[in-house]
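My entries follow in the order in which I made them.

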Amino acid sequence: MTSYLVRRIVGMVVVILLVLTIAFVIVRLAPGDPAALMLGPEATPQDAVELRARLGLDRPILVQYLTFAGNALRGDLGTSIFFNRPVTEVLAGRAEPTIFLALMSLAIALVIATPIGIWAAYRRGSWLDQGAISTAMLAASVPSFWTGLMLQRWLATELGWFPAAGYGGPDADFLERMRHLILPAIVLGIVNSALILRFTRASMLDILGEDYIRTARSKGMPERRVVLRHALKNAAIPIITIVGLTFALLVSGAVVTERVFNIPGLGNLVVSAVLRRDYPVIQGTLIVVASLYVLINLLTDLLYLVVDKRVRY
Amino acid sequence: MSATAASEPVLEIEGLRVAFRARRSAVTALRDVGVALGAGRTLALVGESGSGKSVTSLSVMGLLPRNGAVEAGRILYRRRDGTRVDLARLDETRFRAIRGREIAMIFQEPMSSLNPLFTVGDQIGEMLLLHTDLDARARRRRVIEMLELVEIPAAASRMNAYPHELSGGMRQRVMIALALVCEPALLIADEPTTALDVTIQAQILDLMRRLQRELRMAILFITHDMGVVAEMADDVAVMYAGAVVEAAPVATLFARPSHPYTRGLLATIPRPGRPRGERLVPIPGSVPALSAMPPGCAFAPRCPIAVEACREPVALAPLEGDHRVACHLAHAHETVAAHG
Ligand SMILES: Nc1ncnc2c1ncn2[C@@H]1O[C@H](COP(=O)(O)OP(=O)(O)O)[C@@H](O)[C@H]1O
Ligand code: SF4
Ligand SMILES: [Mg+2]
């Protein structure tokens, strides 16, 4: 167990080092002089020289790399060219909406997907099962920007139940900010519920065919208990994995939805950073998101240990 | 227990027909199965794989797979209070009060029949939770008592073990403890030792015999092994292709096997000097597919002594006393013997 943890953490460090390297190389691979690219066409050669010095681009590549990696590992991701503030600060300022959006949409997805997935598996082949599967497929295939725009128009513009966009402005209190996340969370919740529903159904179907489910029935218990106690706990193991991955994806990939609802989160930040060629911010986001991904993966695996006593690492 | 109660069967299956729906067609897995099991006795259902033994036992438990249904017949069970119910027609709620409490079942696969995520104590205790008013402490005491009864060492600590921490034999003991914790009147054991090695098998069979005496329960014992039948059964019903082809008290069956299929099965009993694990193919060929049943005697394609008459349907009929057989020739011999 301890050695497993050590191995996993070493693995994590390796992955993060790899990500650091990739983040470093990407900027160097971009065609042209990064400094000139960042500065744009109006810059004078003098500006470029200054920026190169500021970014350390005039030093040997190995020195650049070691400095970059060393700083990153100490939590210094450089300075944003556009904001002229430390990248960590910029990211931290944008993390709140993204993380809460991810949590809310995951909660919505789970509330929709697990009961229907369980029921569909239990009543496999019924109209409910088929209806659930087709609806899920439809929900997954409709682009989220379209769902977003439709819901925005209907629930926000026409009915006025939710704010249409934004994050409530600089003075908004926490509840007000969260209120702005409900609508985008519904959009992301619907999209992600499709995947979780199919996963829940598939893994419940597997488990319901197991011998120990027949044993449970032979004990004379109500079907509710067979399904919710004996089957669900076993089916939960694969479901946990997909939920963890979905969360990681939500944190890194809510770009479209954040754009549609104009949420000042990480997704939006990354898009702007790409357009502005704010390389330190792009690198920083890449590193943070990848680290988060690795961390969530580790947490998911540790959850296995808690749920399933057979798992011995 | 009065004399009438003792002679009246606990379980009486009459004319049981079970069918499974497939994609477009349906197959009949049991055709007119009839057996009786007296209180405190052991009835062995024996036959090759696919002959309908498990389907019979699952019908009794009301646990047929979703695509299967009882199409005809009765499964009469005499409850503890003396009333008789037809399990083939019992509603789910009332069935649940019987299942586990009065009729319990142990399954063939000790490796997969216990839930991997609950401790064995939890799984045995759940039976008490479902069927008794015992509080948590009393349930715990009873679980330990049961684990001791099935001879699991260090019961108090083993109850906290998960199934994967136990060997196959230990798990089957746990299954037995689970099945017997409510002291059922009828135990259904579907090949309980088939997955175990020979020494463990002998121990489990000993254990079951002892517990049967102590708890005075009837056992419907399913096996494909005539050697096990000889050790366990009072009565035997030989099944072939979804029907009982011969039924008799065990001594009669072994002394005068009258169906060619039974004789074939008896030839597979391991003898000293012949390794027990070695399964001899008793009769060439295999059980016909349910969808392609021959019109007459289902055994005819494999029967070494089949004659023209065997193309006619044949039903189980008394041969002598409580010895019944479904074979044209068995009855013909008898007629010849009686007249000659
Ligand atoms: N769920 C099912 N669907 C279709 N056929 C089934 C199903 N369960 C059992 N059968 C068929 O019923 C017959 C008897 O099976 P079974 O009772 O399991 O045999 P065994 O004597 O080996 O226990 C077999 O031919 C099997 O294919
Ligand atoms: S009826 Fe005919 S085919 Fe069937 S078992 Fe008897 S002799 Fe063989
Ligand atoms: Mg079977």
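I looked up which helix gives the most to the nonpolar patch, and found helix α1 (residues 2–29) of chain A, with six residues. Helices here are DSSP runs of H or I with at least four residues, strands are runs of E with at least two, and both are numbered from the N terminus. A:Val6 is in α1 of chain A. The patch covers about 600 Å² and is made by A:Val6, A:Val10, A:Val14, A:Leu18, A:Ile22, A:Ile26 and A:Leu286. Patch residues have over 30% relative accessible area and no salt bridge; like charges are joined within 9 Å, and nonpolar side chains (Val, Leu, Ile, Met, Phe, Trp, Tyr) within 5 Å. A salt bridge is a side-chain nitrogen of Lys or Arg within 4 Å of a carboxyl oxygen of Asp or Glu. Areas are Shrake-Rupley values with a 1.4 Å probe, and for residues only the protein chains shown count as cover.

I noted the conventions: this is a predicted model, where local features need pLDDT of at least 70 and side-chain atom pairs count only at pLDDT 80 or more, while totals for chains, interfaces and linings use all residues. Residues are numbered from 1 along each chain as its sequence is written, chains are lettered from A and ligands numbered from 1 in the order in which they are written, and side-chain values use heavy atoms, with hydrogens and water left out.

Next I checked strand β9 (residues 235–240) of chain B, where six of six residues are buried (under 20% relative accessible area; exposed is over 50%, partly exposed in between; 1.4 Å probe, protein chains only). B:Asp235, B:Ala237 and B:Met239 are on one side, B:Val236, B:Val238 and B:Tyr240 on the other.

I then traced the partners of β9(B), counting strands as paired if DSSP finds at least two bridges between them. Strand β3 (residues 42–46) of chain B pairs with β9(B) in the parallel sense over four bridges, and B:Val46 has B:Val238 as its bridge partner. Strand β10 (residues 243–249) of chain B runs antiparallel to β9(B), joined by six bridges; B:Tyr240 is partnered by B:Ala243. Two residues separate the strands of this hairpin, and B:Ala241 there has a positive phi near 50°.

Last, I looked at an open antiparallel sheet of four strands in chain B, ordered β2-β1-β4-β5. Its edge strands, β2 (26–38) and β5 (84–86), each pair on one side only. Strands β1 (residues 9–21) and β4 (residues 68–78) of chain B share eight bridges, with B:Ala72 the bridge partner of B:Arg17.
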